Amino acid sequence: MSDLYLSHMTNWILKSPPAEWMIRTARELLIGTLKQGPIPLHVAFEMDGNRRFAKNHKIETIEGHHLGFEALARVLEICYKCGVKVVTVYAFSIENFNRPKHEVKGLMAMAKVKLEQLVQHGELLDRYGAGIRVLGERDMIPDDVLPYVDQAIEMTKHNKDAVLNICFPYTSRAEMTSAIKATVDEYTTTPRLPNAPFSQSRITQKIRSNKSKNSESPSNESSADQNDRSDVDDSMSSTTALDPESPPLQSQPVKVAKFQNPETITADVINSHTYTAECPPLDIFIRTSGVTRLSDFMLWQCHENTQIFFLKCLWPEFDLWHFIPILLEWQWRQKKLAEKESTRR
C-alpha cells in the first residue's frame, strides 16, 4: 500500500462530517483560549520542505508544492483568526535566479499557479480583511508573471484590517541596499526653491515706476518717441534701473537651500524606506524543515525581541498543533518581559 494511498485515506476520514465538526470545534476552543493572552502582531514564515515532503511520500514535486499552498491557507486562517495583523512569507529568493534556466522557468510557472490560487481563495482574505502586498524587486519579475501579481494585489486592495506580505523576488540584502539608497537620495537632494525670476515686489515697483513716467505730459513728439523706446527697453530688460523718484525697493532675505544633516540619520530613518516600513515590528520568525538559518530573509526586521523558531516538521505538515506551542512560548516570554520592566520601575 503506497504512502499516497494512505494519505488519501487519511484525508477522506478527516474530511468526513463528524471528523470535520470535531476538528473545527477543537480549533475554535484552542484559538479562543490563546486569544485570552497577548497576540503577536507580525509573524514571518520561511516555508521550507515542500520538495522533501514530496520525496518522502513518493509523490510528484508539484503535488508537494500544492500541499504547501494548502498549508499556507491553513496558517493564514489560524493567524488571522488569532488576531495576527501581518503575515510575511518567503515565496522566492533573488538567489534562485542563479539556478538552471529550466528550473527558474518552472519556479515562475509555479508562482503563477500559486498567485492564481490565491485569487481563487480570495474569500479567505476577504473574510479577515487581509490585503496582499508583494515585496521585492519588481523589475526582476518576468513579464508573463506580472499580470498575476497585479491581479492578486488589485483583488484585495480594499482590505485594510490585515496584511499578507509575499516576498517575491526578495533578499534582505537587496532590501537593505534599496533602503540605504533611498536614504542617501533623501539627504543629498537639494530642496527646490520657488522658481520666480521676478518677485512680486519687483513687479509692483516696476508698475509704480512706469506710472510715474506716464503722468508727465510729453513736450514734443521726439520726447514721446524717446519714452516709447524707454518703455520697450524697460520691458525687454529684467535689469533696467528703477526710476529714482519711485519708492525704494524693500530688500528681502535670499532663501538658501540647505541639505539635511547626515548626523540625523538613524535606524528609524532607514527603516522608513524598507519594504515593511508600514508594518509593526516582527514578533515571531518561523522556519520549517529543520534548517537553522535565516537564508537572507527578514534580517533587518529581526530585532532583540523577535522570537525565532526552527521546526523539524516540513512545511506541508505545519498546522495549528505546531503553532500552539510557539504562541504559548511567545506569550510566556512576553509575560516575563513585562515582569522585568515592572521591576525596573
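The second largest pocket of this predicted model is lined by 37 residues, and Met47, His65, Tyr90, Ala91 and Asn96 are the ones nearest its centre. Its volume is about 1000 Å³. Helix H5 gives the most to this lining, and H5 also gives the most to the lining of the second largest cavity.

**Second largest pocket**

- Two or more lining residues come from each of helix H3 (50–56), helix H4 (61–82), strand S2 (86–90), helix H5 (101–120) and strand S4 (162–167).
- The contribution of H5 to the pocket lining amounts to eight residues.
- By class, the lining comprises 17 nonpolar, nine polar and eleven charged residues.

**Second largest cavity**

- Two cavities of 30 Å³ or more are found in a search of the whole structure.
- The second largest cavity holds about 30 Å³ of space.
- Its lining is formed by Ile62, His65, His66, Met110, Val113, Lys114 and Gln117.
- H4 and H5 are the elements that give two or more residues to this lining, with four residues coming from H5.
- Three of the cavity-lining residues are nonpolar, three are polar and one is charged.

**Packing of H5 with H7**

- The axes of H5 and helix H7 (residues 146–155) lie 9 Å apart, and the two helices pack at an angle of about 20 degrees.
- Because this angle is under 35 degrees, H5 is roughly parallel to H7.
- The crossing of H5 with H7 is left-handed.
- On the H5 side, Lys112, Leu115, Glu116, Leu118 and Val119 take part, meeting Tyr148, Val149, Gln151, Ala152 and Met155 of H7.
- The contact of H5 with H7 consists of seven nonpolar, one polar and two charged residues.

**Packing of H2 with H12**

- Helix H2 (residues 17–34) and helix H12 (residues 320–344) have axes that come within 11 Å and cross at roughly 15 degrees.
- This angle makes H2 roughly parallel to H12.
- H2 and H12 cross in a left-handed sense.
- H2 supplies Arg27, Leu30, Ile31 and Leu34 to the contact, while H12 supplies Leu320, Trp321, Ile324, Leu327, Leu328 and Gln331.
- Eight residues of the contact of H2 with H12 are nonpolar, one is polar and one is charged.

How values were computed. Residues are numbered from 1 along each chain as its sequence is written. This is a predicted model: local features need pLDDT of at least 70, side-chain atom pairs count only at pLDDT 80 or more; totals for chains, interfaces and linings use all residues. Side-chain values use heavy atoms; hydrogens and water are left out. Axes are lines fitted to C-alpha atoms, for helices over the stretch in contact, and angles run from 0 to 180 degrees between N-to-C directions. Angles under 35 degrees count as roughly parallel, over 145 as roughly antiparallel, 65 to 115 as roughly perpendicular and the rest as oblique. A crossing is left-handed if the near helix is turned anticlockwise from the far one by less than a right angle, and right-handed if clockwise. Contact means heavy atoms within 4.5 Å. Ala, Val, Leu, Ile, Met, Phe, Trp, Tyr, Cys and Pro count as nonpolar, Asp, Glu, Lys and Arg as charged, and the others, Gly among them, as polar. On a 1 Å grid over the protein atoms alone, a cavity is a set of points where a 1.4 Å probe fits but cannot get out, and a pocket is an open set with protein on both sides within 12 Å along at least five of seven lines; lining residues have an atom within 4 Å of a point. Grid points are joined across faces, edges and corners, and a volume is the space filled by probe spheres set on the points.
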